[in-house]
Structure formats: structure tokens, C-alpha cells
Protein chains: 2
Amino acid sequence: MLTFQLQATDPHSKARAGCITTDHGQIETPIFMPVGTAGTVKATHQYELTDDIRAQIILGNTYHLYLRPGTEILKKAGGLHRFIGWQRPILTDSGGYQVFSLADSRKLTEEGARFKSHIDGSYHLFTPESVIDIQRAIGADIIMAFDECPPWPCDERYAEESMHLTHRWLDRCIARMQTTEPLYGYGQSVFPIVQGSTIARLRRESAEYIAAKDMPGNAIGGLSVGEPPELMYEMTDLVTDILPAHKPRYLMGVGTPENILNAIALGVDMFDCVMPTRNGRNGMLFTTEGIINIKNRKWAEDFSPIDPAGISRVDTLYTKAYLRHLFVADEYLARQIASVHNLAFYLWLVREARSHILAGTFPDWKRTILPIITRRL
Amino acid sequence: MLTFQLQATDPHSKARAGCITTDHGQIETPIFMPVGTAGTVKATHQYELTDDIRAQIILGNTYHLYLRPGTEILKKAGGLHRFIGWQRPILTDSGGYQVFSLADSRKLTEEGARFKSHIDGSYHLFTPESVIDIQRAIGADIIMAFDECPPWPCDERYAEESMHLTHRWLDRCIARMQTTEPLYGYGQSVFPIVQGSTIARLRRESAEYIAAKDMPGNAIGGLSVGEPPELMYEMTDLVTDILPAHKPRYLMGVGTPENILNAIALGVDMFDCVMPTRNGRNGMLFTTEGIINIKNRKWAEDFSPIDPAGISRVDTLYTKAYLRHLFVADEYLARQIASVHNLAFYLWLVREARSHILAGTFPDWKRTILPIITRRL
């Protein structure tokens with residue numbers, strides 16, 4: 001089973017540094033997890049993830065992996081780690097978020113969620129039990145419970161009913177975990193998910209319900225879905241007051257570098273987001289000097305490194321002018337470089353946060369770095 | 001200036017092993033040159049070209065680089081090597097082939113070729129002089145003379161007139177080379193191009209004309225444009241009998257692994273072709289065991305390495321089943337892996353050919369390996 005060692009808590013905020021231990025190795029927190037939707041972090045090689053980006057854990061999407069390549073192939077391969085050639089930890093989401101994003105193509109019942117594949121239009125049913133079974137077959141080190149992620153805004157009554165459904169589904173997920181075994185000889189842990197929209201009363205109730213389950217880690221879902229950042233921070237703040245301090249806390253789908261630093265200050269340990277890769281593929285670079293739209297003409301003759309800090313190999317090997325040229329010419333290498341760079345930046349950011357938490361200088365560092373990395377160059 | 005050391009000639013064929021020395025380092029021949037059209041070998045990083053693919057020289061396209069990023073930016077960058085972060089030799093074509101491929105969008109005169117940009121429809125003129133100037137600005141170690149590449153089939157009269165035009169243009173290219181200097185402090189050499197379609201009389205005349213120019217290397221153009229392979233070999237054979245033995249010979253745009261081994265046996269030293277990258281992006285893999293269409297269902301549960309010979313890092317890191325999944329899911333990584341693998345295969349092939357030429361075992365090895373690498377798995 002996964003364990004968590006709390007190594008330091010910042011005296012001036014709720015920020016923490018810790019270490020998660022899994023059978024695939026350790027994860028130093030706070031951590032950012034690159035999103036490997038369909039068994040690949042888009043446009044990056046596995047060796048770039050380890051050597052250049054310094055990723056310690058990646059995320060897989062149950063919905064996508066279930067549809068393609070499918071659980072049978074994953075089982076025959078011996079799990080996702082072996083299928084994709086990745087030796088470090090993997091976390092899988094429950095598929096709930098993707099299914100609920102399908103909107104008109106899914107139907108929700110007490111039993112689970114029936115949905116239509118975006119690939120071939122075929123119908124499928126996800127239940128708390130089937131979603132655990134799929135994640136067992138994927139072989140994720142960290143399995144997410146099946147939850148409903150309500151849209152924002154949503155009325156209080158819907159949010160409350162949805163939260164209770166998520167709680168009932170959680171109990172079924174935990175029961176399924178307890179009556180099944182890992183398939184590949186290493187441990188798998190389930191993280192429950194706090195819901196309750198942006199209603200403080202519901203968030204508190206959900207956090208207390210989730211905390212009482214005493215699982216190895218806990219997640220906060222249903223945020224970063226369109227609400228103002230202040231509400232996201234407010235909900236996170238009150239939830240981290242309730243979730244136990246000696247277990248890792250994962251804020252799902254968040255977010256910008258600013259969101260991440262603010263949530264670290266509120267006691268969050270784990271993050272994932274498609275922003276570094278998706279925005280990177282569109283030419284938006286996060287650098288140690290600020291945010292760059294590399295397609296802009298102003299970079300055409302700028303032969304300085306992509307990021308002089310040299311966080312990853314690509315940063316000093318290639319120049320801004322070259323990367324702009326690659327984007328203008330619509331070359332694959334443009335997206336490859338931007339993806340490696342942005343992910344390396346996100347991992348650098350959480351490593352820096354961690355070292356400042358350990359040194360007791362987190363709030364000062366955060367106050368200094370935020371205006372720099374969020375400015376538009 | 002570029003020099004060539006002939007190291008061995010196979011006693012049973014015309015195959016040779018040699019070494020080209022440029023100011024950017026040495027090139028062991030026979031050699032395959034990955035095509036880096038617009039300043040990038042598609043879907044590969046520069047460090048993959050050196051470390052995994054073991055490329056010793058890459059090719060750039062004058063037509064593409066002239067249009068984007070343009071010679072002004074390349075000059076300000078200090079040449080293409082510095083612009084793209086590549087320290088080894090670069091050869092540039094003359095742009096002639098691309099311009100003549102534009103068909104209806106270009107007009108040929110004694111002066112040069114007027115053409116319409118495929119990017120913005122603007123009009124441009126390439127002359128022997130301007131094409132040398134552009135390649136000076138790109139900073140290629142090996143500059144190709146401006147030639148007309150006639151279509152195949154073409155009538156004898158057109159082929160003859162076209163050949164004479166190419167010869168007159170060559171004289172103008174050489175004159176321009178002699179009256180201009182390299183821009184970046186290292187030497188640049190021009191290679192003339194033998195034309196003459198598939199007419200033996202013209203090929204002989206052209207080869208004699210080109211050989212008499214005494215340039216540091218010579219190229220054979222106008223082949224692999226639709227003619228039967230036998231004709232291509234026949235023309236190559238008679239041309240290599242005429243081109244001097246102590247200079248490298250470059251067969252432009254060729255070809256399949258079989259074409260390359262056969263042309264090596266005919267005394268060719270240098271090759272380029274988009275086939276490994278273009279076919280790779282479509283899921284066709286050249287391996288040491290045969291040719292694979294990785295999209296085929298038969299590979300869905302094949303968890304063996306992409307190529308057990310492990311020519312490049314990707315070959316044993318990833319499995320056939322995983323690569324097939326990436327192609328089916330249309331992931332960037334599919335094209336990245338296939339490009340690195342196929343290029344590594346081509347470079348392995350010419351390295352093997354070279355070592356067998358040096359060992360005096362080239363014809364036997366060629367006879368053994370050809371049926372293996374050309375079979376469809």
C-alpha cells in the first residue's frame with residue numbers, strides 16, 4: 001500500500017513537503033503529474049519524461065485506455081507500465097470526468113453511467129465496480145474512485161444529490177477494492193474524491209465523509225470547471241482543513257502555475273493538468289522569465305535560448321527564433337519542443353516550491369516568483 | 001574545401017568505402033542523409049539524430065528555407081547550423097527539384113526559373129547565381145548546383161536541351177562560387193549534377209562534362225522520378241564508370257533499402273530520401289527482420305520489441321503492440337518513434353554496407369540481407 005511521509009510544513013502557510021512511497025518508487029511532493037491520456041504524454045518520449053522533464057509520476061485516463069487499446073490488451077501486456085515502457089508510478093482517473101463531459105452522449109443512474117464512445121458510437125456502462133476493475137487491469141499505482149463531477153454553476157439541490165451519489169459510489173468502489181487483488185504483483189491504492197460544487201456546507205460534509213474512509217490519500221474534484229479562482233481557493237482551503245494532514249491531497253485538473261502555487265499554500269500536494277501540453281502545442285510557453293506566445297513576430301529574430309534557466313535539454317539547445325520558425329512552418333518538432341519545455345517548467349516549479357518549503361522560505365519565494373512567471377513577454 | 005579519402009573498393013563490385021572531411025567533421029561513406037526540409041528532420045530532435053539515429057550529415061531544402069525562415073534570418077542567426085542547433089555537416093539541394101515540381105506555377109528561361117510560392121502565392125526567381133547566394137547564406141557544407149530535372153518519360157530532344165541548359169547553369173554556378181566567399185568562416189563546396197534522363201548517350205555526355213569540372217564531389221540527378229529501377233541502375237552504372245573514383249558520388253533522392261544497396265554496388269557513396277520519414281509517418285517500418293505495416297491488426301497483441309536488433313533506443317524501449325496503439329489513436333509519439341526507428345535503420349544499413357565493403361564481404365552480405373529486409377512481415 002501507498003504510504004506518505006510528511007517532511008515539512010511551512011510555518012507561514014499550509015504548504016507541505018512530503019514523500020509518497022509506492023511499489024514503483026517514491027514521489028516527492030508537492031508534485032505535478034503530466035497527463036498521459038491514451039498511454040502517452042502527447043508528443044513526448046518516455047525517456048524525455050524521466051531525463052529532461054524529471055516527471056516522477058504520470059496520469060492515465062481510464063476512459064481513453066478502456067476504449068483503446070482496451071483492458072484485454074493491457075492485461076496481456078502485463079499492465080500499462082509494461083505496455084508503454086514506464087517504470088515509475090502511474091495514477092489513473094476514474095473515467096467519470098470524461099464521461100460527464102460527453103453531455104448528451106451519457107445517462108446517469110444509481111447503478112453508474114451509460115455512455116456512447118466518441119470513437120465508434122458504441123454504448124458502454126461504467127459502474128463503481130467496473131471502473132475499479134478497469135483500473136486494476138491498467139495496473140495504476142493510484143486508482144481514483146468513481147465520482148460525478150457536477151457542472152458549474154449548479155443549483156444546491158443538484159449539488160447535494162450528486163455529492164451523495166458520489167459518496168454511495170465511493171463505498172461501492174472501496175468494497176470492490178477490498179474484494180479484488182492487484183493483477184501484477186504490486187500494490188494499488190484508491191483515493192476518494194471530495195465533491196460538493198462551490199457550496200461550503202457541502203464541501204465540508206463531503207470532506208468529512210471522505211476523511212472518515214481512512215484511505216491512503218484524498219482528492220478534491222469538481223473544481224477548475226469554470227468557477228472564479230477565488231471560489232476554487234476558498235473551497236480548497238476549507239477542504240484541506242478537514243482532510244488529514246498525514247495523507248497526500250490531490251487537487252484534480254489544476255491548473256495554471258499561479259493556481260498551483262496558491263493551492264500548494266493551501267496544503268495541496270498533487271496536481272495534474274493538460275495546460276502545459278495543450279497550450280504548448282498552441283505555441284504558449286511558460287518560462288522562468290514569463291509567458292511567451294512563440295508564434296508572435298517579435299520572436300522571429302530572437303536567437304536567445306527558449307529559457308535561459310536551462311530547465312530541460314531543449315531550453316538551451318534551441319532558440320526562440322528557431323522554435324517560432326517551427327511553429328510557423330507547422331512542424332512536428334515545434335509541438336515536441338514546446339511540450340517538453342512546458343512540462344519541464346511545471347516540474348521545475350513544484351521542485352522549487354518544495355525546496356523553499358523545506359527551507360522555510362516558501363511565502364517569500366512565492367511572492368517574488370509569481371509576478372515574474374505570470375507576466376506576458 | 002571538402003576532401004575525400006577512398007578507403008576500400010570491393011573486389012567483386014564497384015562498391016566503395018571512404019571518408020569525406022568537411023569543416024564540420026567527417027562523414028564515413030557510404031552514407032544516408034536524413035532530409036531536414038525546413039530546418040528540421042520531421043518529428044525528430046537534433047539529439048536523436050546524433051545519439052540514436054547516428055546521422056553524420058543532414059540535408060536541407062533551399063526552396064523551403066529560402067521561403068521560410070528566409071535568408072535574412074538565417075544570415076542573422078549565423079547560418080543554418082546555428083539556427084537549428086546542429087554541429088555536423090549539412091548539404092543543401094539547389095531548389096531546382098522543388099521548383100520543377102511546382103509544374104504550372106513556374107516558368108523556365110535561360111536566366112533561371114520563375115515560380116510561385118506554395119505558401120503565399122508570391123513570385124520569385126531562382127537563377128544559378130541566386131541559388132549559390134542562398135546556399136552561401138544557409139551555410140551548407142555541400143552546395144548543389146542549380147539544374148533542371150526533366151520529368152520521366154521525356155523525349156530525347158527535350159532531354160538533350162535540358163541537359164545543355166543544366167551544363168550552362170553549372171558554369172554560372174561555378175563562376176559564382178569562385179567570386180563569392182563563405183559567410184561563416186568555414187569552407188563550402190559545390191557538387192555538379194549529371195542529367196540526361198534515361199538516354200545513355202546523354203548520360204555519358206553529361207557525366208563527362210561534369211567530371212571535367214573537377215569539383216570536390218559529383219551528383220547524379222534526374223533518377224528515381226518514375227522510371228523502372230532497371231533503367232535507374234543502368235544509368236547509374238554508366239555514369240559511375242565516368243565520374244572520377246577519388247571523389248564522392250551522390251545519387252539524389254534514392255531510395256528504398258534495396259535501391260540503396262544496389263546503387264552502392266554500382267559505386268555510389270551518398271544518398272538521401274524522404275522515404276524513411278514519410279513512410280514511417282504512415283506506419284510503414286523498415287526493420288532488420290522485414291517490412292512492417294504497424295497499423296495492421298496482426299500487431300495488436302505483439303509485445304515483442306519494434307526491432308529486436310535494437311538499432312536505436314526506441315526499438316527495444318517500445319513494443320510493436322504499443323506502437324500500433326499509438327498509430328490507431330493518432331498520437332504524435334507514433335510518428336516520432338517511427339521516424340527515429342526508420343532513419344536509424346537506414347543509417348544502420350549503410351554502416352553495415354560499409355563494414356562489409358571494408359571486410360571484402362559486401363556481395364555475399366548483400367545477397368543474404370536483401371531478401372530478409374525486403375520481405376513483408
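View 1. A:Gly222 counts as buried because its relative accessibility is 13%, where buried denotes under 20% relative accessible area, exposed over 50% and partly exposed in between, with a 1.4 Å probe and protein chains only. This is a predicted model in which local features need pLDDT of at least 70, side-chain atom pairs count only at pLDDT 80 or more, and totals for chains, interfaces and linings use all residues. Residues are numbered from 1 along each chain as its sequence is written, chains are lettered from A and ligands numbered from 1 in the order in which they are written, and side-chain values use heavy atoms, with hydrogens and water left out. A:Gly222 occupies the loop between strand 13 (218-220) and helix 9 (229-242) of chain A; helices (H or I, at least four residues) and strands (E, at least two) are DSSP runs, numbered from the N terminus. Apart from neighbours within four places in sequence, A:Gly222 has contacts with A:Cys149, A:Gln195 and A:Arg203, a contact being heavy atoms within 4.5 Å.

View 2. The unreviewed UniProt entry assigns "binding site" to A:Asp93, A:Ser94, A:Gly95, A:Gly96, A:Tyr97, A:Asp147, A:Gln195 and A:Gly222; UniProt positions follow the numbering used here, feature names are shortened, and annotations may be inferred rather than shown by experiment. A:Ser94 sits in the loop between strand 6 (90-92) and helix 5 (96-101) of chain A and is buried at 3% relative accessibility. Residues up to four places away in sequence aside, A:Ser94 touches A:Thr62, A:Phe126, A:Val131, A:Gln135, A:Met144, A:Ala145, A:Phe146 and A:Asp147. A polar atom of the A:Ser94 side chain lies 3.1 Å from the backbone nitrogen of A:Gly96.

**View 3. The two residues annotated as active site.** UniProt, in an unreviewed entry, lists A:Asp93 and A:Asp272 under "active site". They span 180 residues in sequence, yet no two of their C-alpha atoms are more than 10.5 Å apart, so they gather at one spot. A:Asp93 belongs to the loop between strand 6 and helix 5 of chain A, and is buried with a relative accessible area of 10%. Beyond its neighbours within four places in sequence, A:Asp93 is in contact with A:Gly60, A:Asn61, A:Thr62, A:Gln98, A:Gln135 and A:Met144.

**View 4. A:Asp272 and its contacts.** A:Asp272 is part of strand 15 (residues 270-272) of chain A and counts as buried at 9% relative accessibility. Setting aside neighbours within four places in sequence, its contacts include A:Phe32, A:Met33, A:Leu59, A:Tyr250 and A:Gly253. The backbone nitrogen of A:Gly253 is reached by the side chain of A:Asp272 at 2.8 Å.

View 5. The same surface serves both copies, as 100% of the contact residues of chain B recur in chain A.

Conventions: A polar contact is a pair of N or O atoms within 3.5 Å; within protein, one must be able to donate a hydrogen and the other to accept it, and residues adjacent in sequence count only if both atoms are side-chain atoms.
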